[in-house]
Amino acid sequence: MRQKVEMMTLLYDQRHIEKQFSEEKFQTFLQKDTIFPLEGTRKKYRKGDILIEEDDEVDDIFFIASGHLVATKNTENVIDFYAHQDVIGLSHLLLGSRSEYAYQVISNELTVVKYAKEDIIDNVINTQEGYFYHYVHMQNQVARMMEKEALLRLPSEERISRAIWKLGEKFGQSMQDDPDTICFPTQISKGMLAQYTNLNPNTVTNILQKLQAEEILISTKRMIYFDTYKLQAKLDVQ
């Protein structure tokens with residue numbers, strides 16, 4: 001009896017759930033589920049393609065295999081960015097639900113594995129594991145939303161600095177010869193960064209120039225690099 005109680009406690013422990021039922025493992029679960037195994041459809045998109053239009057019915061769930069997406073509202077408001085292992089459409093499980101945002105490809109190419117929403121619903125509703133995967137996904141979405149709201153309340157310079165840190169850590173690439181230097185994702189332009197942080201483009205340019213003068217950023221014609229130690233030290237002070 002004691003062993004059973006311990007197993008149940010472990011099963012429903014918050015941290016255990018978040019670790020065992022991550023978004024990265026969800027697709028594997030769908031494919032290997034013994035009750036409702038699913039075969040997704042692999043599809044490629046080009047830069048500028050729209051995955052989902054704002055206010056469109058969400059009929060499919062997309063697992064990003066490679067590439068980058070931007071979520072926008074009313075065309076000009078950049079809400080968030082998505083890339084490898086992110087899931088699009090899982091927040092809208094009701095049939096006939098509509099997307100709050102438009103999702104557009106910003107990398108040269110995007111590869112996704114697409115599943116019919118109704119098939120995903122069967123897995124979520126009919127299996128305990130499916131419920132936990134959806135629960136963790138929704139928790140992650142809430143955390144992203146709260147993080148973004150907190151970002152927009154910061155002073156301009158700190159807002160840009162933290163946005164560079166966050167987006168660079170998630171979507172950028174460390175340099176092989178200098179792991180402490182990260183190349184900011186080229187798919188995210190200065191204009192997108194301005195829209196994401198809700199700042200005037202001129203303000204963003206001035207802050208980037210200031211960070212460059214402090215030798216935190218190194219800017220070329222096409223690339224922006226940042227020193228993780230120096231940027232972190234600046235954020236710690238702020």
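In the predicted model, Glu-118 is situated in helix H4, which spans residues 117-126. Glu-118 also contributes to a negative surface patch, whose other members are Glu-53, Asp-55, Asp-56, Asp-59, Asp-119 and Asp-122.

The largest pocket of the model has a volume of about 590 Å³. Its lining is made up of 32 residues, among which Ile-79, Asp-80, Tyr-82, Tyr-101 and Met-145 are the closest to the centre of the pocket. At least two residues of this lining are supplied by each of four elements, namely strand S5 (77-82), strand S6 (87-88), helix H5 (128-152) and helix H7 (190-197). Helix H5 accounts for the largest share of the lining, with nine residues.

Salt bridges were also examined, and the structure was found to hold 13 of them. In one of these, the side chains of Lys-166 and Glu-147 meet with a nitrogen-to-oxygen distance of 3.9 Å. Because Lys-166 belongs to helix H6 (residues 156-171) whereas Glu-147 belongs to helix H5, this pair ties together parts that are 19 residues apart in sequence. Helix H5 therefore takes part in this link to helix H6, and helix H5 is likewise the source of nine residues in the lining of the largest pocket.

Note on methods:
Residues numbered from 1 in each chain as written. Predicted model: local features only at pLDDT ≥ 70, side-chain atom pairs only at ≥ 80, totals over all residues. Heavy atoms only, no water. Patch = residues over 30% accessible without salt bridge, like charges linked within 9 Å, V, L, I, M, F, W, Y side chains within 5 Å. Areas by Shrake-Rupley, 256 points an atom, 1.4 Å probe, with all protein chains shown as cover. Salt bridge = Lys/Arg side-chain N within 4 Å of Asp/Glu carboxyl O. Lys, Arg positive; Asp, Glu negative; His and termini not counted. Charge placed at Lys NZ, Arg CZ, Asp CG, Glu CD. 1 Å grid on protein atoms, 1.4 Å probe; cavity = no way out; pocket = protein on both sides within 12 Å on 5 of 7 lines; lining within 4 Å. Points joined across faces, edges and corners; volume = space filled by probe spheres on them.
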